[in-house]
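Could you walk me through this protein model in a friendly way?

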Amino acid sequence: MATLEIRDLHVSVDAETGPREILKGVDLTVKQGETHAIMGPNGSGKSTLAYSLAGHPKYTVTSGSVLLDGENVLEMSVDERAKAGVFLAMQYPVEVPGVSVSNFLRTAATAVRGEAPKLRLWVKEVKEAMAALQMDPAFAERNVNEGFSGGEKKRHEILQLELLKPKIAILDETDSGLDVDALRIVSEGINRVRSTGEVGTLLVTHYTRILRYIKPDYVHVFAGGRIVESGGAELADKLENEGYEAYVKGGASE
Ligand SMILES: Nc1ncnc2c1ncn2[C@@H]1O[C@H](COP(=O)(O)OP(=O)(O)OP(=O)(O)O)[C@@H](O)[C@H]1O
Ligand SMILES: [Mg+2]
C-alpha cells in the first residue's frame, strides 16, 4: 500500500522582493485508496503544495520532508517523481506547441512504465480512454492544450490520469470551468481510477459540487500555507455555508 507522507513542509518562492514563504508547515498523509479534498481561500498555497510535490523548479523547499513509501521525494527529479507514481493535474495546464496529444501521452506512458507501450495495444488503450471521457478522437492529433477550451484541457488531464495510473494523484481544481455534463464525465473518470483502490487522491477544489460525485474520505481546510482543520465529508458542507472567515481570522493567515 503506497503512502505519501508530508511532514512540516515549508516552501518559498522567489518574489521580486526576495524569497517569500508560502507553505508554513504542511502535515498530511495520503494512502493509496484514500481521497482527500483540500479546500481553502484563494492564495492560501494549495497550488504551491501541488507544484512542490510534483517538483516544479520555481518552488524551494526550505524544510520538512515528503516521503513516498519511505523514499525521499524531494531528492527526486520531476521525471523520477512521475515514475515513482506521483501525478499532477495542473490548475492551468500548459500548452506544448509542436507536440501532439498522442505523442505526448505515449512519451509520458513510456517514461512512467519504463518501456514503450506496444503500439497496437496503446492505440486501443488511448481510444478507449478518450471514448470514456467523451473526447473527440481528433484531439489525439492536436498539439497539447493549444487552443483547447478550459474544459477540454481538464479532460486531457484526466485522460493522462487514466492512462498513467499513478499511486498518488494531485488534482488541482480539475472541476473549475467545467459545464455540468463535463463535470460528471470528468468525475466519472476520476472515480474509475479511484475504484481500482490503487490511487491516493488529493483533490483541490473550491466547490462542493464535485464532492457530490466524488465522496472524499477526508476534507482539509488549507489557510495561510498549512492545514488548519481536518474532518470528514461533512466539513465541506460547513465550509460552503460558513466560508473561511473563522480560519483566516483565527490567525491562520499571514
Ligand atoms: N513568484 C511569486 N512572487 C510572489 N508571490 C507569489 C509568487 N508565486 C506565488 N506567489 C503567491 O503565493 C500565494 C499562494 O499561491 P497559490 O497559487 O499556491 O494559491 P492557491 O491556494 O492555489 O489559490 P487559488 O485558490 O486562487 O488557486 C499567493 O499569494 C501568490 O501570490
Ligand atoms: Mg490554486
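In this predicted model, Ala37 has Val219 in β11 as its bridge partner. The two strands involved, β3 (residues 35-39) and β11 (residues 218-223), run parallel and are joined by 4 bridges. Strands and helices here are DSSP runs, numbered from the N terminus: a strand is E with at least two residues, a helix is H or I with at least four. Two strands count as paired if DSSP finds at least two bridges between them.

**The open sheet**
- An open sheet of 6 strands, with mixed pairing, has the order β6-β9-β10-β3-β11-β12.
- Its edge strands, β6 and β12 (226-231), each pair on one side only.
- Neighbouring strands of this sheet are turned by 20 degrees against each other on average, direction ignored. For such angles, axes are lines fitted to C-alpha atoms (for helices over the stretch in contact), and the values run from 0 to 180 degrees between N-to-C directions.

**The hairpin**
- β1 and β2 form a hairpin, with 2 residues between them.
- Their pairing is antiparallel and extends over 11 bridges.
- As an example to look up, Val13 stands opposite Arg20 in β2.

**The magnesium ion**
- Which residues coordinate the magnesium ion (ligand 2)? They are Ser47, through OG, and Gln91, through OE1, at 2.0 to 2.2 Å.
- These two come from distant parts of the chain, 44 residues apart: Ser47 is in helix α1 (residues 46-54), and Gln91 is in the loop between β6 (86-89) and β7 (96-100).
- Donors are N, O and S atoms within 2.8 Å of the metal (3.2 Å for Na, K and Ca); water is not among the atoms, so sites may look incomplete.
- Ser47 counts as buried because its relative accessibility is 18%, and Gln91 is buried too, with a relative accessible area of 15%. Buried means under 20% relative accessible area, exposed means over 50%, and partly exposed is in between (1.4 Å probe, protein chains only).

**Ligand 1**
- Around ligand 1 there are 17 residues, of which Gly43, Lys46, Ser47, Thr48 and His206 come nearest. A residue is near a molecule or strand if one of its heavy atoms lies within 4 Å of it.
- Oxygen atoms of ligand 1 have polar side-chain atoms beside them: one of Thr48 at 2.6 Å, and one of His206 at 2.8 Å.
- The protein covers 71% of the 650 Å² of accessible area that ligand 1 has on its own. Accessible areas come from the Shrake-Rupley method with a 1.4 Å probe; for residues, only the protein chains shown count as cover.
- The elements giving two or more residues to the shell around ligand 1 are β1 (3-15), β2 (18-31) and α1.

**Two positive phi angles**
- Asn145 is not a glycine, yet it has a positive phi of about 65 degrees. It lies in the loop between β8 (143-144) and α5 (150-164).
- Is Asn145 buried or exposed? It counts as buried, because its relative accessibility is 2%.
- Lys165 also has a positive phi, near 40 degrees, and is found in the loop between α5 and β9 (168-172). At 56% relative accessibility, Lys165 counts as exposed.

**How to read the numbers**
- Residues are numbered from 1 along each chain as its sequence is written, while chains are lettered from A and ligands numbered from 1 in the order in which they are written.
- Local features need pLDDT of at least 70 and side-chain atom pairs count only at pLDDT 80 or more, while totals for chains, interfaces and linings use all residues; side-chain values use heavy atoms, leaving out hydrogens and water.

Definitions and conventions
A polar contact is a pair of N or O atoms within 3.5 Å; within protein, one must be able to donate a hydrogen and the other to accept it, and residues adjacent in sequence count only if both atoms are side-chain atoms.
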